[in-house]
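Here's a quick walk through a couple of helices and a handful of charged pairs. Have a look at the structure first, then read on.

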Amino acid sequence: MAEMNAKPDTVGDTAGSNMPVLLLGIVAMLASLWLTGFGGMLAKLILIGFWGIWGIWVGPAILRGRLTGDGLVAVLLLGVLVGVVGLGDGGTDEKVRLIGNLLILPLGLICGLWLGRDCLRVMVPALILYLPMASVFQITHEGWRLNHPFLFLGLFALTCAMRGHARGWIGGVAAVAVVLSQTRIAVLALMITFVGRVRFSRAMTWLFGLPTLIAVWVMMTIWLPRLLMTHGSGRLAFWRMFWDDWQTASAARQWLGFGAGSVEAILQDLPSAVAFGALHNDHFRILFETGLIGAILWLMSWGMLIWFARGSRLAICILASVVVTMVTDNTLSYGHYLICCGMAAGIAMRENTDAGQ
């Protein structure tokens with residue numbers, strides 16, 4: 001892992017010299033956050049464009065750091081997966097959208113590794129400014145819920161890579177907001193990420209932390225019943241339908257998939273699926289749209305990323321939490337959440353390497 005983490009002292013963490021870039025970044029991120037309400041495509045272009053350009057800016061430093069070993073394998077796996085999507089069936093727009101979604105978390109990881117805390121100086125202020133204005137409690141048939149659970153979850157992941165007293169306050173507010181969203185998979189991801197910050201070797205963790213956690217869980221079950229509520233969301237029925245379609249498809253379809261955008265195209269033709277919107281399972285979606293070849297590359301890529309992060313428990317927990325959210329949600333579409341988690345994991349890996357040098 002050290003091969004990719006090695007870096008010159010001049011890269012990242014230069015808030016004074018990068019102040020104009022930081023201010024531009026905050027404005028760009030606020031614009032991209034605001035544009036998510038209008039479809040999200042332009043928002044992701046701004047997101048990928050800004051961080052991609054800044055990443056290219058420090059490109060020579062990355063080359064001097066010698067991208068070899070684990071990092072090179074991870075990049076090659078991602079490149080092959082992108083190639084499978086690009087050469088497969090599906091419209092050009094759908095392919096570009098899926099490829100863009102696949103690149104966001106790795107882009108955040110690279111920015112965290114090479115820009116360091118400058119990432120926090122852009123993303124954290126932008127989220128702090130945006131979320132109070134955009135967050136509302138929504139009344140559903142299952143009770144009230146706070147919106148934007150994954151943006152708050154991304155903010156919490158970033159605070160795990162912060163320093164100073166503000167980290168606790170901002171992270172605490174973000175964690176409470178995730179819980180108030182009553183989005184079960186987001187709460188589970190929050191808990192997995194939190195494990196990366198806990199120091200299990202401390203006696204205080206067991207004497208006070210564990211009883212506090214139990215008390216909080218009891219209060220959540222009393223006042224936030226949706227967290228334990230079982231209901232028919234329709235996911236299982238649609239998963240079975242797509243599974244049957246995949247099983248009865250030709251061998252070529254099973255190996256190469258139905259093509260980018262095929263899931264949404266099928267759902268749009270089903271009147272009962274209009275409100276459902278998407279498959280709510282990114283792992284299954286990759287299998288259906290890119291076939292067994294794409295699914296194998298997908299699993300290998302995640303395995304390589306987690307292996308790449310093996311020196312940092314926090315980075316592993318953040319990446320694992322993203323994998324978990326993809327079981328029941330459309331996480332690949334949540335660009336800001338993905339880039340926040342990638343940045344937080346990258347910063348954790350960077351600082352773990354610095355500590356070992």
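At its relative accessibility, does Arg 285 count as buried or exposed? Arg 285 counts as buried, at 8% relative accessibility. For the cut-offs, buried means under 20% relative accessible area, exposed over 50%, and partly exposed in between, with a 1.4 Å probe and protein chains only.

A word on provenance: this is a predicted model, where local features need pLDDT of at least 70, side-chain atom pairs count only at pLDDT 80 or more, and totals for chains, interfaces and linings use all residues. Residues are numbered from 1 along each chain as its sequence is written, and side-chain values use heavy atoms, with hydrogens and water left out.

**Salt bridges**

Searching the whole structure turns up 6 salt bridges, each being a side-chain nitrogen of Lys or Arg within 4 Å of a carboxyl oxygen of Asp or Glu. Among them are these:

| Pair | N to O distance |
|---|---|
| Arg 117 and Glu 351 | 2.5 Å |
| Glu 264 and Arg 285 | 3.9 Å |
| Arg 285 and Glu 289 | 3.4 Å |

Take Arg 117 and Glu 351, whose closest N and O atoms are 2.5 Å apart. Arg 117 sits in the loop between α6 (92–115) and α7 (118–134) while Glu 351 is in helix α17 (residues 335–356), so this pair ties together parts 234 residues apart in sequence. Arg 117 is buried at 11% relative accessible area, whereas Glu 351 is partly exposed at 24%.

Now back to Arg 285, which has a salt bridge to Glu 264. Glu 264 belongs to helix α14 (residues 262–268) and Arg 285 to helix α15 (residues 282–308), so parts 21 residues apart in sequence get tied together. Glu 264 is partly exposed, with a relative accessible area of 24%.

Arg 285 also pairs with Glu 289. These two both lie in α15, 4 residues apart, or about one turn of the helix, and both are buried. Elsewhere, shared partners join Arg 117, Arg 163 and Glu 351 into one salt-bridge network.

**Helix α5**

Helices here are DSSP runs (H or I, at least four residues), numbered from the N terminus. Helix α5 (residues 69–87) has 19 residues and reaches 27 Å from first C-alpha to last, close to the expected 27 Å, that expectation being 1.5 Å times one less than the number of residues. Its buried residues include Ala 74, Leu 78 and Val 85. Seen down the axis, the buried residues of α5 fall within an arc of 135°, so they line one face of the helix; the arc is taken over directions from the helix axis to the C-beta atoms. On the other side of α5, Leu 76 and Leu 87 are exposed.
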